[in-house]
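Please look through the structure shown below, and then follow the explanation of a few of its residues and pairings.

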Amino acid sequence: MRHTWLFATVLLTASVAAAQDAGRHSHDGLYLRLQVGGGYTRAESTFEDLAVKGAAGAVNAELGFAVLQNFIIYGKLFGASAQNPDLEFGDVTIEGQDDDVSQNFGALGAGVTYYLMPANVYLSGALSFARLTITEDGDTIAETDPGVGLHLGVGKEWWVSDNWGLGVGGELALGRIRSDDGEDDWNVLNVMLLLSATFN
């Protein structure tokens, strides 16, 4: 009888340890990814030979849940801003002259991420509602109608705790902004290198 209790105690201890370790370094449950970085953005008018372009900073936030091991569905909030952008008219580029003026590309959408384990490399994609705005001293002076955006990302993360990973990634965002009269349509290209912190 004494050996039976000892055997049961060992089994119980092993089961508790396994349960505690089940969520360690795995992609399941709640998902949160925060990213900051920089790159290049370009918005090109389809109505006239005009483009607004420049170096840009970006922030990205994703919140969701792992519906399967390593497979996550999330909501996305993305923003990129090019301060003092250049104007391109045909073959002529006019460098920006006002540091208070910014071109902004904002997007709100939903997407999926899949982790390739044990490498902890992720692939992601999202669709979004997107909009371009021009601000001066923080005030919006021009904006487009909402359009659609496509976001494609890849990255690599390293575990720094049981559930947190830090890493680097890249994201390509493409936007298509249409207007009712066709005279304010824009194509947007945004390429970013991002640092990430992910809880999962």
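This is a predicted model: local features need pLDDT of at least 70, side-chain atom pairs count only at pLDDT 80 or more; totals for chains, interfaces and linings use all residues.

Residues are numbered from 1 along each chain as its sequence is written, and side-chain values use heavy atoms, with hydrogens and water left out.

T41 belongs to strand 1 (residues 29-45), where helices (H or I, at least four residues) and strands (E, at least two) are DSSP runs numbered from the N terminus. T41 counts as buried because its relative accessibility is 3%; buried means under 20% relative accessible area, exposed over 50%, and partly exposed in between, with a 1.4 Å probe and protein chains only. Beyond its neighbours within four places in sequence, T41 has contacts (heavy atoms within 4.5 Å) with residues including V52, K53, A82, Q103 and N190.

The structure holds nine salt bridges, each a side-chain nitrogen of Lys or Arg within 4 Å of a carboxyl oxygen of Asp or Glu. Side chains of opposite charge can pair when their charged atoms come close. One of these bridges joins E88 to K53, with the closest N and O atoms 2.8 Å apart. That pair links distant parts of the chain, since E88 is in strand 4 (residues 86-89) and K53 in strand 2 (residues 50-68), 35 residues apart, and both E88 and K53 are buried.

D162 forms a salt bridge with R24, their closest N and O atoms being 3.1 Å apart; D162 is partly exposed at a relative accessible area of 40%, and R24 is partly exposed at 41%.
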